[in-house]
Amino acid sequence: MVGQEIMAILGPSGCGKTMTLKCIAGLMTPDRGRIVLNEQVLFDSQQGINLPARQRKIGFLFQNYALFPHLTVHDNIAFGIRQLPATERNERVQQLLGKMRLDHFGHRYPVELSGGQQQRVALARALAPEPEVLLLDEPFSALDTQVKERLEAELLEIQSDFQGHVLFVTHNLAEAYRLSSKMAVYETGGLLQWGERQTIIERPANEKVARLTGMENIFDGIVSGIEGSRVDIGLGTGYLSLYPDNLNRLVVNQEISVAIRPEYVKLADSREENCLTAELIDGKEELSFYSYTFQFQEETNIKVHISKSAGPRLVAGKTYRLCLPSENLVIIGG
Amino acid sequence: MAVMDLNPLWISLKTALVATAITFILGIIIARWMAGREFKGKSLLDGIFILPLVLPPTVVGFILLWILGRNGWLGSLFFEIGRPVVFSWSATVIAAAVVSFPLMYQTARGAFEQIDANIEDAARTLGASEWTIFWRVTIPMAWPGIAAGTILAFARSLGEFGATLMLAGNIPGRTQTIPVAIYFLVEGGRQQQAVIWVLVILLISLASIVALNYWKKYQRRFSSHPVREVTADS
């Protein structure tokens, strides 16, 4: 990570995201590897370096906040800066209380606060020693929507003040996307892909990443032809055309997977390209859109999301003409 | 009625206080050490620490004699230097400490294990050394449990009889604690005097338990976990 960035670590529950965070913080020791922060080596299995947590300049926000129940809000926040002289320490605590909209809460105890307030105290506590990186473990999972939105806004605000990197762990794709500039996608046991947010979203490295980032329609096919900037991909009975930026690594007869998000599949209009006929086999009503499942070949389904404002609900059992706009098709591993 | 010999009271109090101080320190250290770890034989070790709680006091007494008696492997050393353990006041303390240790250890360990590991980890990320964490986080959070264990240990020390009799004997003015005194007074037909001591013990024990429960209610305002109640199986 360079400069001040927010990176999201995305992955399903139990896949090691929290462990990664704890290893960075020094609360867990990896078997092998190297961890470097701002040019300081925190851990190196080969060289036998393993800096204890207290010597790493890291702020950690635990999923359950982990506030000290026997200390006041003020003392919780001041815990990491006890070595500062009293005036400076109190000043910083007051500043943080202000930023977190917790003025006048200094003398209260954690048990007297709401979940959202406790989290803000935990955040203030982590920021007080001015760490070089802030680690957040599933910061939004325990909150209701309103509180979540406020916290997200606060986080973005803090981030503009905060001089260091921010790394947060989540299993929610939407959150990861909204708040980060870089993403790392994890699955049980390992890192699948990391990089700029847009790269992950638009150019997933493999099928697992594609699925984890919400691409539910993944088709396996063969490159049947390359003409100019257009690539044709044969899928069973039909073919799809797309215009990728980078044609260099594509060869005719190569096996390839393409994907498209459910939101981008359209009911046929005047388009000719990439259209197919499919039967609607299932439909679910969500809050503001319909989630349809179409079948267009033996065992090949397409998931389509159509906003309610686009028209009335489609009828199960009928066939419809669907189009997959080439600009929204993504090559997996491309 | 002749002026009653008040020695049992002083001896019992001294014994109980010293024994409790010993189990307090040892209990906390060992409980903290055991609370964090997983290792082979942990259950066995844990069992040994709890054993005096479930063994009949006479068995405990026998084992203590075997170790500290005149011919015992530790006792003989003391005998050599002219300070035998058996029938000394120290023996009352040892007997009391051994039987009350499990109570302190178990309660303290429960208190330590209830502490959310994340909280101690949080302290680490905030730059605290293990020592600081122990004094500023672990102990304050475990305090209700520790206080409970201490009072239970004190009450148990006060009430120790079987092992005390075997190791320390019934020497008035030296090792005759209140429970021992009660036994011999009843044996000797002096019920009235026995009743007085019985009331003394009842009062002290009851006061301890009440103080304990009151203290725990007061401490409860800090923690989000319910504090363990004093029950027969604590």
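Reply:
**A helix pair in chain B**

Helix α3 (residues 57-68) of chain B and helix α5 (residues 89-113) of chain B have axes that come within 11 Å and cross at roughly 125 degrees. Here, axes are lines fitted to C-alpha atoms, for helices over the stretch in contact, and angles run from 0 to 180 degrees between N-to-C directions. Helices are DSSP runs of H or I, at least four residues, numbered from the N terminus.

"In contact" means C-beta atoms, placed from the backbone, within 7 Å. Sorted by class, this contact has eight nonpolar, no polar and no charged residues. Ala, Val, Leu, Ile, Met, Phe, Trp, Tyr, Cys and Pro count as nonpolar, Asp, Glu, Lys and Arg as charged, and the others, Gly among them, as polar.

One housekeeping note: this is a predicted model, where local features need pLDDT of at least 70, side-chain atom pairs count only at pLDDT 80 or more, and totals for chains, interfaces and linings use all residues. Residues are numbered from 1 along each chain as its sequence is written, while chains are lettered from A and ligands numbered from 1 in the order in which they are written.

Chain B also meets chain A: 17 residues of chain B are in contact with 18 residues of chain A. α6(B) gives the most to that side of chain B, with six residues.

Methods
Helix = DSSP H or I, 4+ residues; strand = E, 2+ residues; numbered from the N terminus. Contact = placed C-beta atoms within 7 Å.
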